[in-house]
Amino acid sequence: MDLAPATSTLDALSTPLLRLDVQGMVTFANGAMARWLGVSRRRLPGLHAAALEREGTQLATRLALPQDAPVRLRRVGLALPGSEALRFAEVWLTPVEDGLWLEAHPVDEFPGTDPAQLLPSALSASLKGLAHELRNPLLGIKGAAQLLARRVDADARELTGIIESEVQRLSALVDGLLNPAPPQAFAPLNIHAVLERVLRLAESDAGWAVQLQRDYDPSLPEFPGDADRLSQAIWNLVRNAIEAGAGSVTLRTRAEHGARIGEALPALALRLEVVDDGRGVPPELAEHLLLPLVSGRADGTGLGLALAQQVAREHRGALTWRSRPGHTVFTLLLPLAADEEAGND
């Protein structure tokens with residue numbers, strides 16, 4: 001007969017745990033699971049575990065099969081029904097005599113290693129050095145194309161025009177590498193004023209082709225930040241959604257308690273989501289999407305998402321994402337209050 005560990009012992013663990021009966025119904029949740037999901041522990045018993053799976057059906061599919069050995073499920077999105085506090089985890093299902101243990105090992109919302117670790121400072125310096133070396137030849141090519149255009153016929157001028165436009169595009173890329181916007185002193189800002197500025201840009205860029213929607217939390221307080229940098233970062237996310245064929249883009253804000261941002265646990269955080277129904281992130285780019293010069297478009301520079309990531313870091317926050325065709329969410333998490341003591345996690 002299986003003897004369950006004492007409740008007090010399970011509550012002392014930092015790993016979120018659920019005990020399930022043979023039908024997959026939750027019979028017990030430890031404190032770590034309740035804190036991670038952001039709900040009262042009393043709301044979990046009596047739920048079917050599959051009801052907690054917000055995106056996909058891998059947990060529901062596995063629970064419908066005979067359980068005879070531990071099983072690992074990758075990046076399962078979990079949330080209490082009706083809650084917006086979506087969490088991602090590597091889930092282990094371990095069978096016991098009268099049911100299952102479900103262990104959730106939290107992971108980031110985007111797959112792969114932090115791009116900051118994938119782009120060492122030496123490589124960053126090399127990119128800037130390369131950009132500096134490219135600037136003068138590009139200016140020379142542009143000047144030569146302009147001079148040549150004055151001496152040739154109309155057909156040839158079309159070709160010189162192509163040269164000029166491509167040189168201009170490369171020059172803009174070089175300028176972005178050499179001259180990132182310098183940081184400004186933070187000042188109190190209203191995030192919704194920033195978002196309205198972005199929406200005006202989006203309306204002028206996309207016109208009636210894209211439905212732009214607001215889903216704001218009016219309770220959010222002002223917080224110190226750089227409104228211009230945040231506008232630029234969020235506009236890059238919205239523009240990417242539009243260029244990915246989105247018919248609808250939603251800007252959503254929520255106040256979130258208990259969010260983990262790296263190693264920090266702020267008492268209160270802003271969750272800002274850019275949600276679109278476009279084509280989604282190509283699978284081959286998933287591991288490196290936030291790196292500079294990585295783009296899913298032939299005419300893309302690959303700097304927009306890297307800049308958004310940098311702006312998030314400047315504000316002690318994080319940029320994460322999840323995507324499937326027809327549903328992509330980029331999430332900016334920013335602390336609004338001081339970190340809690342380490343013992344509170």
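Predicted model: local features only at pLDDT ≥ 70, side-chain atom pairs only at ≥ 80, totals over all residues.
Residues are numbered from 1 along each chain as its sequence is written. Local features need pLDDT of at least 70, and side-chain atom pairs count only at pLDDT 80 or more, whereas totals for chains, interfaces and linings use all residues; side-chain values use heavy atoms, without hydrogens and water.

View 1. Buried residues (under 20% relative accessible area, 1.4 Å probe, protein chains only) include Ile191, Val194, Leu195 and Val198.

**View 2. The ends of helix 7.** At the start, a side-chain oxygen of Asn190 lies within 2.8 Å of the backbone nitrogen of His192. Just after the helix, Gly207 adopts a positive phi of about 60°.

**View 3. The largest nonpolar core.** Such a core is a set of buried Ala, Val, Leu, Ile, Met, Phe, Trp, Tyr and Cys residues joined through side-chain atoms within 4.5 Å. Helix 8 supplies its largest share, eight residues. Leaving aside residues up to four places away in sequence, Ile234 touches Ile191, Val194, Leu195, Val198, Leu272 and Val274 (heavy atoms within 4.5 Å).

**View 4. A second, separate core.** This core has 24 residues, among them Leu37, Val39, Leu78 and Leu93.

Technical notes: Buried < 20%, exposed > 50% of the residue type's maximum accessible area, 1.4 Å probe, protein only. Helix = DSSP H or I, 4+ residues; strand = E, 2+ residues; numbered from the N terminus. Polar contact = N/O pair within 3.5 Å; in protein donor to acceptor, adjacent residues only side chain to side chain.
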